[in-house]
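Thanks, everyone. I will go through bonds, interface, then some single residues.

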Amino acid sequence: MIEQHLAALPIILPLIAAPIALILGRSMLTWAFATLVSALSCIASWQLLMTTLSDGALSYALGGWPPPWGIELNVDVTNAFVLLAVSAMSTLVLIYSKDSIEKEINASNHSLYYTAHLLCLTGLSGMLITGDAFNLFVFLEISSLATYTLVSLASDRRCLTATFRYLVMGTIGATFILIGVGMLYMKTGTLNMADLSTKMAAFESNRTLNTGLAFIMVGVSLKLALFPLHMWLPAAYTHAPSSVTAFLASTATKVAVYVMIRFIFSVFGASHVFETMSMEIILMVLAIVAIFKCSYMATVQSNVKTLLAYSSVAQIGYMVLGISLVSVPGLMSGLIHIFNHALMKGALFMAVGAVFYRMGSVNIEAFKGLGKKMPLTMAAFTIAGLSIIGVPLTAGFVSKWYLVTAALEQDLWIVAALVLLGSLLAVVYIGRVLEAAYFQEPPESQGAKNIKEVPWLMLMPMWILVLANIYFGINTGLTVEAATSASQWLFQGYNPAGVAL
Amino acid sequence: MELLIDLVLLAMLALTALRIIFLKDLFAVVMLFSIYSFLSALIFINLDAVDVAFTEAAVGAGISTVLMLGTIAITGRTETPPTKSKLLPLLIVVVTGAALIYGTLDMPPFGHADNPVHEHVAPRYIEESPKEIGLPNMVTSVLASYRGFDTLGETVVVFSAMIGVLSLLRLRKRDADKNPESGIKAHRVLQVIAKIVIPMIILFALYVQFHGDFGPGGGFQAGVIAAAAFILYALVFGLSNVFKVVGPKFLRILAVFGVLLYAGVGVYSMAMGGNFLDYNYLAENPLSGQHYGIILIELGVGITVFAVMLSIFYAFDSQIERANIQ
């Protein structure tokens, strides 16, 4: 029976668990329950990835109604791959949360935290595997509302302004997506993605559909924080509780990137978006500006969380850059980076959260001399930081390597050079933190304090991610296989070789 | 004639929107929002979308207005003038508006029977739903069965909204004990009238809940209407009195129960051998299965919506009462 319903489990499990988590009461019990459920959906996602890799895409008709009349879940290698990253991150972050939220969220709000986390997981999983454009919007709403709640839970009151900003921008993004979907429905009479794509192929060039495309792209770009629509992200990531930042940075924007890929390739069709509308040029320019502008912004921040938040916007630039190359290797590098970046940013934000746990601050000043006092945390930060830079033997190197090769394949020397230059900026911003941690003495006042390593429940998930960074940097079998087969599948029936920039 | 009504309503809608933008008095703005919702509801009726109109009137004009007034009561009545330049936002709005107008250029003709929306999935909903689902109200058939998963999602959205509000506005038990005898709580006439009206509102809510299969209505509207009855009671008799009937803790459990009831129907149909939310498997006869399924999930929706709306109101009202005491 589980085999038959496998596709629905990553949504149904957290969906049912979220309300239960609200009434369990005891913080410890709720934590164990939420972690268990998240781990179960992670196992389901793993099974889904294995099934799709061997047998191809899965379809699950909800309510037993065949699409396009009913709603269909559609699991293929691409979304199973991202789903695995999301549910694995969710599980690790939940393990990490137990101690981390003690210091950052009022005890009376802990059950709300776990409920909102599970709701967010429900929404993100739904957005990934649904095959229905309106259903995607519904899950987007669930994940967005849960995200706003999570950010606003910090006991630092500044999180409220950040949340409000995020709420306004996020709602505009969601509304744009809804307007776009409405326009598609008006012209085609269907909401099923596969059906939409067949129906739309019949139109040569239609102004209503193109407006729909524009609205969806802008809406999704707001959600994935593509430059210049990223203004909500640094404040939200800075003021949210550390575990929330670790979760959102490694999942929420990635899912939005996936939604963009899905709309481009499975709904509108790559040939329409890239050949007729020439959208790859806009994407490429914005991606490159994002890489430079936000990497630069990262180098001048004194709050390490803000620094990493700007770095995230820059990293999203790399993913979008991969998409904008319009080639199988380009898209593949984007997909690999979705997965790898989740590993690095998850580890980095967890390490920063660990520093906050002990120091009560994430300012760069607080990092001084921590190399000796919190050796495990800072070692984790260092390795994940090297991965962001793209040093060989780390996961970050793999994604950059494929991105540069993909660019060179199309003779885009400048793009390849810019990617490498962007990494130099990453050296600067990660280097600043490492310098403070390893080469500067702690200020006198803090030197007296007895700073210890954080509890093992925080260290364990952090180090699992760090080891994953190294593992996927050396053994690229799984990531490359999944990403290659995903991008070949997405480019099916479309020959990108004819596209010249 | 219908076109004329549409045009007049749309013109009024536009005027209301413009007035909302330029007014500085937020109390008036909230009233205009309420009017805006009623006008939209009228337009929906004219488009023969009575179920949507019903929801818009109950949620948009009803509960939202109360919540917005509650916010004003806590924060203040006049808008502070913005300090930043309005040029860029204006430009963005103009570009968005222009894009929307551009998008209308290739739209199918308004209300034409050959439009794509009437030709693809709709015929099956119209022709087959009486045989496949057996309900006279095909809106309910689509909402609760064909696209029941969306409705489950929407119920979870409502539930998430409650989580959000609870995380921001803490409800303390002791606030409810101090009950200021002021404002409308001291009016004897209001108390008498409320006592007469409240039972009727609740009865109407139950009617809307269980008649949704046959006419306009369903869980969303019923939940909101039932919540409105309790909100009226709270406004006139104070929070501490309404807490004796339904306390905030009980409401949380109700909200959870509603979502679980809905999802539980899905899980049960999985256990009986169907897909998630396949009501055909709920009974021997698929048609009765559909019927049981829809009644149960609508009940789940109604319970959750009721509990969430009332919890949100409690959270607001306890803030207001706290502000009044200080």
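A disulfide here is a pair of cysteine sulfur atoms within 2.5 Å. By that rule, the structure holds zero disulfides over all chains. Take A:Cys120, which is in no disulfide. Its nearest cysteine sulfur belongs to A:Cys42 and is 16 Å away. A:Cys120 is also buried, at a relative accessible area of 0%. Buried means under 20% relative accessible area, exposed means over 50%, and partly exposed is in between, with a 1.4 Å probe and protein chains only. A:Cys294 is buried too, again with a relative accessible area of 0%.

Now the ground rules. This is a predicted model: local features need pLDDT of at least 70, side-chain atom pairs count only at pLDDT 80 or more, and totals for chains, interfaces and linings use all residues. Residues are numbered from 1 along each chain as its sequence is written, chains are lettered from A and ligands numbered from 1 in the order in which they are written, and side-chain values use heavy atoms, with hydrogens and water left out.

Next, the interface. Contact means heavy atoms within 4.5 Å. Chain A puts 58 residues into the contact, and chain B puts in 53 residues. How much area do chain A and chain B bury between them? About 5,000 Å², with 69% of it on carbon and sulfur atoms. Buried area is the accessible area, 1.4 Å probe, that two parts lose on being put together, summed over both. On the chain A side, A:Trp65, A:Trp69 and A:Arg207 lose the most area to chain B. Together those three make up 17% of what that side buries.

On to charges. A salt bridge is a side-chain nitrogen of Lys or Arg within 4 Å of a carboxyl oxygen of Asp or Glu. Between chain A and chain B we count two salt bridges. One of them pairs B:Arg147 with A:Asp132, at 2.6 Å, N to O.

Polar contacts follow. That means a pair of N or O atoms within 3.5 Å; within protein, one must be able to donate a hydrogen and the other to accept it, and residues adjacent in sequence count only if both atoms are side-chain atoms. Across this interface, the rule finds 17 residue pairs in polar contact, both residues at pLDDT 80 or more.

Which elements of chain A supply at least two residues each to the side that touches chain B? The list includes α1 (2-5), α2 (9-23), β1 (58-61) and α5 (110-129). Also among them are α6 (133-152), α7 (159-188), α8 (193-201) and α9 (207-224). These are DSSP runs numbered from the N terminus: helices are H or I with at least four residues, strands are E with at least two. α6(A) gives the most, with nine residues. By type, the chain A side divides into 35 nonpolar, 17 polar and six charged. Nonpolar is Ala, Val, Leu, Ile, Met, Phe, Trp, Tyr, Cys and Pro; charged is Asp, Glu, Lys and Arg; the others, Gly among them, are polar.

A:Thr245 sits in helix α11 (residues 242-268) of chain A. Is A:Thr245 buried or exposed? Buried, at 0% relative accessibility. Leaving out residues up to four places away in sequence, A:Thr245 touches A:Tyr237, A:Ala240, A:Lys305 and A:Phe349. A polar atom of the A:Thr245 side chain lies 3.0 Å from the backbone oxygen of A:Tyr237. A:Leu150 is 95 residues from A:Thr245 in sequence, yet 9.1 Å from it in space, C-alpha to C-alpha.

A:Thr238 is in helix α10 of chain A. A:Thr238 is buried, with a relative accessible area of 10%. Its side chain makes a polar contact of 3.1 Å with the side chain of A:Thr306.

Last, the backbone. A cis peptide bond links A:Pro67 and A:Pro68, with omega about 5°. A:Pro68 is in the loop between β1 and β2 (72-75) of chain A. Another cis peptide bond joins A:Phe227 and A:Pro228, with omega about 0°. A:Pro228 falls in the loop between α9 and α10 (232-239).

Two residues other than glycine have positive phi. A:Val326 has phi near 50°. A:Val326 lies in the loop between α14 (304-324) and α15 (328-359) of chain A, and it is buried at 3% relative accessibility. B:Leu277 has phi of about 70°. Its place is the loop between α13 (248-271) and α14 (286-325) of chain B, and B:Leu277 is buried at 2%.
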